[in-house]
Amino acid sequence: MTNVDLLKGKIDAMGVTITFLAREMGISREGLYKKINGNTEFKGSEIAMLARLLHMSLEERDQIFFA
């Protein structure tokens, strides 16, 4: 289950927008919001892409997506 608070905090800390992330990931803005808010699950490839886009350490990635 995704730790929504940590993910939103990381997005804010990086100063990027949901629109930018969705565009880079090749999904809709609405689709990304659904994933962030826990309505749908992230695919492994999406987790890897977000980790790269947000410059997450392996520890951060695991805390956010695999806790």
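Mentor: Before the angles: axes here are lines fitted to C-alpha atoms, for helices over the stretch in contact, and angles run from 0 to 180 degrees between N-to-C directions. Also keep in mind that this is a predicted model.

Trainee: OK. At what angle do the axes of H1 and H5 cross?
Mentor: Roughly 135°, and the two axes come within 7 Å. H1 covers residues 4-14 and H5 residues 58-65.

Trainee: What does that make them, oblique or roughly antiparallel?
Mentor: Oblique, because roughly antiparallel would need an angle over 145 degrees.

Trainee: Which residues of H1 and H5 meet?
Mentor: From H1, Leu6, Leu7 and Lys10; from H5, Glu60, Gln63, Ile64 and Phe65. By class, that contact has four nonpolar, one polar and two charged residues.

Trainee: Switching to H4. Which of its residues are buried?
Mentor: In H4, residues 44-53, the buried ones are Glu46, Ile47, Leu50, Ala51 and Leu53. They span an arc of only 165° around the axis, so they sit on the same side of H4.

Trainee: Why would residues spaced like that point the same way?
Mentor: An α-helix has 3.6 residues a turn, so residues three or four places apart point the same way.

Trainee: And what is exposed on the other side of H4?
Mentor: Gly44, Ser45 and Arg52.

Trainee: What covers the buried residues of H4?
Mentor: The cover includes helix H2 (18-25), helix H3 (29-36) and H5.

Trainee: What does the side chain of Glu46 have a polar atom 2.8 Å from?
Mentor: The backbone nitrogen of Lys43. Leaving aside neighbours within four places in sequence, Glu46 is in contact with Met25, Ile27, Lys35 and Glu41.

Trainee: What about the backbone just after H4?
Mentor: His55 is there, with a positive phi of about 50°.

Trainee: And where is Met56?
Mentor: In the loop between H4 and H5. Met56 is buried, at a relative accessible area of 12%.

Trainee: Which residues does Met56 contact, leaving aside neighbours within four places in sequence?
Mentor: Leu7, Lys10, Leu50, Ala51, Arg61, Ile64 and Phe65. Of these, Leu7 and Lys10 of H1 also meet H5, and Leu50 and Ala51 are among the buried residues of H4.

How values were computed
Residues are numbered from 1 along each chain as its sequence is written. This is a predicted model: local features need pLDDT of at least 70, side-chain atom pairs count only at pLDDT 80 or more; totals for chains, interfaces and linings use all residues. Side-chain values use heavy atoms; hydrogens and water are left out. Helices (H or I, at least four residues) and strands (E, at least two) are DSSP runs, numbered from the N terminus. Angles under 35 degrees count as roughly parallel, over 145 as roughly antiparallel, 65 to 115 as roughly perpendicular and the rest as oblique. Contact means heavy atoms within 4.5 Å. Ala, Val, Leu, Ile, Met, Phe, Trp, Tyr, Cys and Pro count as nonpolar, Asp, Glu, Lys and Arg as charged, and the others, Gly among them, as polar. Buried means under 20% relative accessible area, exposed over 50%, partly exposed in between (1.4 Å probe, protein chains only). The arc is that of the directions from the helix axis to the C-beta atoms. A polar contact is a pair of N or O atoms within 3.5 Å; within protein, one must be able to donate a hydrogen and the other to accept it, and residues adjacent in sequence count only if both atoms are side-chain atoms.
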